[in-house]
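Hi,

Here is the structure I promised to pass on. Have a look at it first, and then read my notes below.

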Amino acid sequence: MSHRPSSGLAAVSTALLAMSRHLEVRDVLKTIVASARELLDAEYAALGVPDDHGGFAQFVVDGVSDEQWRAIGPLPRQHGILASMLHKAKPERLADVREDPRFEGWPSAHPDMSDFLGLPIQDGEETIGALFLANKRCPRPDGGCGFTEEDEELLSILAQHAAIALTNARLYERSRELTIAEERSRLAHELHDAVSQKLFSLRLTAQAAAALVDRDPARAKGELQQVAALAAEAADELRAAVVELRPAALDEDGLVHTLRTQIQVLDRAHTARVTFDSAGVRALPAAQEEAMLRVAQEALHNALRHAEPERVAVSLFRHGQGALLTVADDGKGFDPRTVRRAGRHLGLVSMRDRAGGVGGTLTVTSEPGRGTTIEMEVPGG
C-alpha cells in the first residue's frame, strides 16, 4: 500500500495552516503558489487572478528568479490553456504543454516547460483564479515524469481551500478599505469644519485690520498679528491632516511594493511600456517615502498624459543612507525654460516643493525630442 496519500494529505494540511496565517491577498497568493509547488514537487508554479479586460489583475510565480521574471516581460493574457481553465473551469493535465493545439508559445526569456497541471480556483460558480504547475521533478531518462491523477486530486483539495483563503483575504482587505474610507471621510469632515472656522475668523480679522489702518494703526497692527497667528494655526491643522491621510499602501507594503504595484497597473492601462526596477532600498522616514511616491505619481502622470512616450522607466535605488528615484521617458520632451515663461509648470513646482520639504533634491533634464528624466534624491534617516 502506498504511503503517498497520507504524506500528501499531511503536506496539504501544512499548506492550509500556512494559508490561514495570512490576511493580505498577495501574501495568500504567494503561500498558495509556494505550497502547491512544494506539495507536488514541481519546478515551476504560478497563480493568476483574472481582471475584466482579458488580462490578470495579479500574477504570482514560484521557481522563477526576479531577474528571469523581469526579462520575461508583460504579464500573460488570458489565452490558450489559461483561458480554457478560466472560462471552462476544468482541470488541465498535459504530458507536454508544447504539443497541445492551444499552446501559443511564450517569450524568449520564459523557462522551458513540458508536463503541466492546472486547476481553476472557484468561489461558487465564479472562477477567481488559475493555479498551475509545470515540470514535475523526478528521475526518468526522457525528462520529467509527469503529473498523476493523484497529483490532480491533491491539488484540487488545495485549490478548494485556496478559494476560501483568497475570498477571506479579499473580504478582510475590503473591510479595511471601508474602515479607511470611513476614517478619511471623518477626517475630511473635521478638517473642513476646523479650517472653515479658522478661515472665517481670518477673514473677519483681516477686514477689521483694514478698517483700522488709517484711524488706529496700533490696533490694526494687533489685528494683523492675530491674522498671522490664525493662518499659522490653519496651516498646522492642514499639515496634521496630511500626516493622518498618508497613503495606506505605504504603511502596509512600503514604498518599493507600492510603486511596483501602481506601475504594473499603469503598464496594463497604457500603450506605453512602463517598467520598474529597484534594489537595496532601505525603509525611509515616512515623510520621505510619501514625498517620493507623490513625485513618482506626478512624473508618471506628466509623461503618460503629455509626452506621448513609447517607454517610461522608473527606478528606485539605495543612495548612501537614502534613495534615488528616477522617472525617465523617451517622449517628446520640452524646454524647461519655455515652460516656466509660459507659466505652465507641469507639476514641477509641486515636485520640487515635495523634495525640498523632506530635505531632498529634484533634478529635471529635458529637451524637445529627447524625452525627460526626473531624479529625486532623499537623505534617508
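First, some ground rules. This is a predicted model, so local features need pLDDT of at least 70 and side-chain atom pairs count only at pLDDT 80 or more, while totals for chains, interfaces and linings use all residues. Residues are numbered from 1 along each chain as its sequence is written, and side-chain values use heavy atoms, with hydrogens and water left out.

**The sheet**

Helices (H or I, at least four residues) and strands (E, at least two) are DSSP runs, numbered from the N terminus. Two strands pair if DSSP finds at least two bridges between them. In general, strands of a sheet pair through backbone hydrogen bonds, either parallel or antiparallel.

Here, five strands form an open sheet with antiparallel pairing, in the order β2-β1-β5-β4-β3. The edges are β2 (56-62) and β3 (92-94); each has a single partner strand, so one side of each is left without a neighbour in the sheet. On average, neighbouring strands are turned by 15° against each other, direction ignored. (Axes are lines fitted to C-alpha atoms, for helices over the stretch in contact, and angles run from 0 to 180 degrees between N-to-C directions.)

One to look for is Q122, whose bridge partner in β5 is T127.

**The helices across it**

Contact means heavy atoms within 4.5 Å. Helix α2 (residues 25-40) lies across β1 (42-50), β2, β4 and β5, and runs at about 40° to β2. Helix α4 (residues 80-88) lies across β1, β2, β3, β4 and β5, at about 140° to β5.

Is α4 mostly covered or mostly exposed? Mostly covered: seven of its nine residues are buried, where buried means under 20% relative accessible area, exposed over 50% and partly exposed in between (1.4 Å probe, protein chains only). The buried ones are G80, I81, L82, A83, S84, M85 and L86, and they pack against β1, β2, β3, β4 and β5.

**The second largest pocket**

A pocket is an open set of points on a 1 Å grid over the protein atoms alone, where a 1.4 Å probe fits, with protein on both sides within 12 Å along at least five of seven lines; lining residues have an atom within 4 Å of a point. Grid points are joined across faces, edges and corners, and a volume is the space filled by probe spheres set on the points.

The second largest pocket has a volume of about 590 Å³. Its lining has 31 residues, and P76, L82, W106, H110 and F132 lie nearest its centre. β1, β2, α3 (66-72), α4 and β5 each supply at least two lining residues.

**Single residues**

A89 sits in the loop between α4 and β3. Its phi is positive, about 55°, although A89 is not a glycine, and A89 is partly exposed, with a relative accessible area of 25%. N135, in strand β5, also isn't glycine and has a positive phi, near 60°; N135 is buried at 11% relative accessible area.

Finally, L250 is in helix α7 (residues 248-269) and counts as buried at 3% relative accessibility. L250 and E290 are 40 residues apart along the chain, yet their C-alpha atoms are separated by 7.5 Å. Leaving aside neighbours within four places in sequence, L250 is in contact with L255, T258, E289, E290 and L293.

Cheers
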